[in-house]
Amino acid sequence: HYSVNWTDWSAFQELKATSSQCAGGVCLQKDEKFKDSTRYSIGGTWYINPAWEARLGFAYDNTPIEADYRSLSIPDSDRIWYSAGATYHINTDMSVDFGMAYLDGKEVDVNEGLRSHSDSLRWKGTSHGNAFLASAQFNMKF
């Protein structure tokens with residue numbers, strides 16, 4: 001199995017909240033300046049016997065966030081996905097799927113604050129995000 005997915009993230013350029021209650025009609029404006037991103041994946045299925053199938057996969061997902069626009073609210077980074085799963089065929093009409101994935105988000109620097117103020121109103125640090133995903137499903141043909 002393989003895939004290459006492209007996402008048009010560049011359509012997301014800003015977060016903007018407007019209201020007649022705010023000065024000038026704009027309550028919040030935050031530049032995001034996302035870029036388009038691509039996700040690459042490869043995997044395989046092994047048919048162990050008529051009852052069991054096993055799957056392994058690997059993916060690389062690049063972030064749409066430019067380093068200059070990375071923020072505390074969206075500290076996204078490139079991710080590597082490792083996944084494994086299995087199917088148990090109960091009979092010709094019923095099966096159960098199990099899967100797990102580990103997402104390894106790369107560590108990135110975050111330097112955010114009010115651009116019009118001094119460095120004392122800035123937050124500087126790093127962000128690193130990992131995740132475990134688990135799933136199970138029952139399938140039935142009818």
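Residues 24 or more positions apart account for 52% of the contacts in the protein chain with a separation of 6 or more, where contact means heavy atoms within 4.5 Å. The structure is a predicted model, in which local features need pLDDT of at least 70 and side-chain atom pairs count only at pLDDT 80 or more, while totals for chains, interfaces and linings use all residues. Residues are numbered from 1 along each chain as its sequence is written, and side-chain values use heavy atoms, with hydrogens and water left out.

Let us start with the overall build. The protein chain has 10 strands and zero helices; these are DSSP runs numbered from the N terminus, with at least two residues (E) for a strand and at least four (H or I) for a helix. Read from the N terminus, the order of elements is β-β-β-β-β-β-β-β-β-β. The C-alpha trace spans about 65 × 35 × 25 Å along its principal axes. The radius of gyration of the protein chain is 22 Å, whereas a compact globule of 142 residues would have one near 14 Å. That radius is taken over C-alpha atoms, and the globule rule is 2.2 Å times the number of residues to the power 0.38.

What share of the chain is buried? Of the 142 residues, 23% are buried, a word used here for under 20% relative accessible area, with exposed meaning over 50% and partly exposed lying in between (1.4 Å probe, protein chains only). The accessible surface of the protein chain comes to about 9800 Å², and 57% of it belongs to carbon and sulfur atoms. Such areas come from the Shrake-Rupley method with a 1.4 Å probe, and for residues only the protein chains shown count as cover.

Now for the charged side chains. Side chains of opposite charge can pair when their charged atoms come close. A search of the whole structure finds four salt bridges, each being a side-chain nitrogen of Lys or Arg within 4 Å of a carboxyl oxygen of Asp or Glu. One of them joins K30 and E32, at 2.8 Å from N to O. E32 is buried, with a relative accessible area of 0%, and K30 also counts as buried, at 19%.

Another salt bridge brings D61 and R79 together, again given as 2.8 Å from N to O. This pair links distant parts of the chain, since D61 sits in strand 5 (residues 52-61) and R79 in strand 6 (residues 79-89), 18 residues apart. D61 is buried at 12% relative accessibility, and R79 is buried at 17%. R79 has a further salt bridge with D76, with the closest N and O atoms 2.6 Å apart. D76 is partly exposed, at 21%. Together, D61, D76 and R79 are linked in a network of salt bridges.

W46, I48, W52, L56, Y88, I90, F98, F138, M140 and F142 make a nonpolar patch of about 1200 Å². Strand 4 (37-49), strand 5 and strand 10 (130-140) are the elements that give two or more residues to this patch. Patches are made of residues with over 30% relative accessible area and no salt bridge, joining like charges within 9 Å and nonpolar side chains (Val, Leu, Ile, Met, Phe, Trp, Tyr) within 5 Å. F142 lies in the segment after strand 10 and is exposed, at 93% relative accessibility.

One last stop is K33, in the loop between strand 3 (26-31) and strand 4. K33 has a positive phi of about 50°, although it is not a glycine, and it counts as partly exposed at 34% relative accessibility.
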